[in-house]
Amino acid sequence: MVAAVVGLISAFIAQIGMFQSPYEAAPSERAVEDPEVAVGRVVRFTGFDADDQPFLVEARRAAQDKNKPSRVHLEEIKLEMRLKASGEMLLVTARQGVFDDKQKTLDLAGDVRMANTANYTAKMQTARVLLREKRLISQDPVEVMFPDGTISAGGLEMRDDGQQVYFTNGTRTTFAGQAARGDAETPAQR
């Protein structure tokens with residue numbers, strides 16, 4: 001009887017962690033430490049998003065979380081996702097992160113870069129990727145470089161298979177041959 005109650009309490013505590021906001025900050029940048037549980041070098045996780053498009057998470061090193069076996073701490077991460085609408089590959093890299101196989105999330109930290117080679121490259125320090133939904137969220141400053149200029153913002157959210165990108169917390173855009181301007185700023189206001 002006691003074992004059943006402990007099991008129910010453990011299951012309840014494990015499920016509480018499943019209801020986190022997708023906007024939660026990514027983990028702080030730190031190396032995989034104290035790997036007393038499963039450790040691997042050059043590991044790969046594959047799966048499919050809600051549109052049945054494949055994704056691949058690859059890392060140079062991984063260590064399973066002692067307290068939550070569905071979470072894996074990663075170093076030198078590369079994520080590849082195919083965009084269904086365009087068929088192009090989206091590549092995301094970072095120094096560290098945590099992959100949650102149960103939630104299908106990837107929390108990234110340290111020199112996070114997102115690239116769609118045909119359109120843009122983005123830099124930020126942290127990001128959360130919801131792999132099933134193909135959403136990427138960052139509440140850190142971001143710089144996006146594209147062929148005709150740059151966009152700087154306090155954060156971003158990419159969704160709808162990469163078709164929608166929202167910039168937050170102050171946005172500045174510079175187009176080739178043009179000085180930088182902020183939100184709703186006209187040349188007379190500078």
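D49 and K134 are both buried in this predicted model. Their side chains come together in a salt bridge, with 2.7 Å from N to O. This pair ties distant parts of the chain to each other: D49 lies in the loop between β1 (39–48) and β2 (54–64), while K134 lies in the loop between β6 (120–130) and β7 (135–138). The two residues are 85 residues apart.

Let's turn to a pair between strands. E75 and R60 also meet through their side chains in a salt bridge, at 3.1 Å from N to O. Here, too, distant parts of the chain are linked, with E75 in strand β3 (residues 71–82) and R60 in strand β2, 15 residues apart. How do the partners stand in terms of burial? E75 counts as buried because its relative accessibility is 8%, below the 20% cut-off. R60 has 36% relative accessibility, so it counts as partly exposed.

A further salt bridge joins the side chains of E157 and R159. E157 is buried, with a relative accessibility of 8%, and R159 is partly exposed at 32%.

| Salt bridge | N to O distance |
|---|---|
| D49 and K134 | 2.7 Å |
| E75 and R60 | 3.1 Å |
| E157 and R159 | 3.3 Å |

How many salt bridges does the structure hold? The count is 14. Some of them share partners, and in this way R44, E58, K78 and E80 are joined into one network.

Methods: Residues numbered from 1 in each chain as written. Predicted model: local features only at pLDDT ≥ 70, side-chain atom pairs only at ≥ 80, totals over all residues. Heavy atoms only, no water. Salt bridge = Lys/Arg side-chain N within 4 Å of Asp/Glu carboxyl O. Helix = DSSP H or I, 4+ residues; strand = E, 2+ residues; numbered from the N terminus. Buried < 20%, exposed > 50% of the residue type's maximum accessible area, 1.4 Å probe, protein only.
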